[in-house]
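Here's a quick tour to read with the model open beside you. Take it topic by topic, and find each residue as it comes up.

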Amino acid sequence: MNKDAELAIGAVRRYAVALERIRSCLLDAYPDFGCVLDLMVAVRHTRTLPREGKSSTGIEYSIHGAGCRMTDQRGREVDVDLVDGVEAFDAWRIKWFLDEQSDACPTVEELRTACSYLSSLGELREVQVNRWYALPDR
């Protein structure tokens, strides 16, 4: 495995860790919610929450199109779309996350390849081949 591939794999793993942490912290504020879809229902259908807000745990959220952007207290932003009912992300979302971190940033194609590789190891789940990925338990 070359250095660029290792860099991309590390970047995807950092995104996955941040997504899990930020998502969990957001959902901790809403004990009745088990997933981002529940948050979206509260915003769009029952209208019990605003489209953009800040949870009691300090996570800002913004419901958009098919998904949700979540930002932690340090300004780190992760984003998921609902794809086939699954909270999913693509290589572009990882790239945006990395750009915010000011790290050396792999290309979108390198990130996509890294996602596929991590899916083969069971660290991610491939929702749509070479396009959408999810955390393994989502």
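Before we look at a helix's length, one handy idea: the expected span of a helix is 1.5 Å times one less than its number of residues. Keep in mind, too, that this is a predicted model.

**Helix α4 on its own**

- Helix α4 covers residues 108-120. With 13 residues, α4 reaches 19 Å from its first C-alpha to its last, close to the expected 18 Å.
- Which residues of α4 are buried? They are Val108, Leu111, Ala114, Cys115, Leu118 and Ser119.
- Just after α4 comes Gly122, with a positive phi of about 85 degrees.

**How α1 and α4 pack**

- Helix α1 spans residues 3-28, and it packs against α4 at an angle of about 70 degrees, with the two axes 8 Å apart.
- Angles from 65 to 115 degrees count as roughly perpendicular, which means α1 is roughly perpendicular to α4.
- On the α1 side, the contact is made by Asp4, Ala8, Ile9, Ala11, Val12 and Arg13. They meet Glu110, Leu111, Ala114, Cys115, Tyr117 and Leu118 in α4.
- What kinds of residues make up the contact of α1 with α4? Nine are nonpolar, three are charged and none is polar.

**Zooming in on Ala114**

- Ala114 belongs to helix α4, and its relative accessible area is 4%, so it counts as buried.
- Leaving aside neighbours within four places in sequence, Ala114 is in contact with Ala8, Ile9 and Val12.
- Ala114 and Glu6 are 108 residues apart along the chain, yet their C-alpha atoms are separated by 8.3 Å.

**The buried side of α2**

- Helix α2 takes in residues 36-44, and its buried residues are Val36, Leu39, Met40, Ala42 and Val43.
- Their arc around the axis is only 160 degrees, so these residues lie on the same side of α2.
- What covers them? The cover includes α1 along with the strands β2, β3, β4 and β5.

**Ile59, a buried loop residue**

- Look for Ile59 in the loop between β1 and β2. Is Ile59 buried or exposed? Ile59 is buried, with a relative accessible area of 0%.
- Setting aside neighbours within four places in sequence, Ile59 has contacts that include Ile22, Cys25 and Leu26, as well as Met70, Thr71, Asp72 and Gln73.
- Ile59 and Arg74 lie 15 residues apart in sequence, and their C-alpha atoms are 9.6 Å apart in space.

**Two loop residues with positive phi**

- Arg47 isn't a glycine, but it has a positive phi of about 55 degrees. You'll find Arg47 in the loop between α2 and β1, where it is exposed, with a relative accessible area of 66%.
- Asp84 is also a residue other than glycine with a positive phi, near 55 degrees. Its place is the loop between β4 and β5, and Asp84 is exposed, with a relative accessible area of 61%.

Key
Residues are numbered from 1 along each chain as its sequence is written. This is a predicted model: local features need pLDDT of at least 70, side-chain atom pairs count only at pLDDT 80 or more; totals for chains, interfaces and linings use all residues. Side-chain values use heavy atoms; hydrogens and water are left out. Axes are lines fitted to C-alpha atoms, for helices over the stretch in contact, and angles run from 0 to 180 degrees between N-to-C directions. Helices (H or I, at least four residues) and strands (E, at least two) are DSSP runs, numbered from the N terminus. Angles under 35 degrees count as roughly parallel, over 145 as roughly antiparallel, 65 to 115 as roughly perpendicular and the rest as oblique. Contact means heavy atoms within 4.5 Å. Ala, Val, Leu, Ile, Met, Phe, Trp, Tyr, Cys and Pro count as nonpolar, Asp, Glu, Lys and Arg as charged, and the others, Gly among them, as polar. Buried means under 20% relative accessible area, exposed over 50%, partly exposed in between (1.4 Å probe, protein chains only). The arc is that of the directions from the helix axis to the C-beta atoms.
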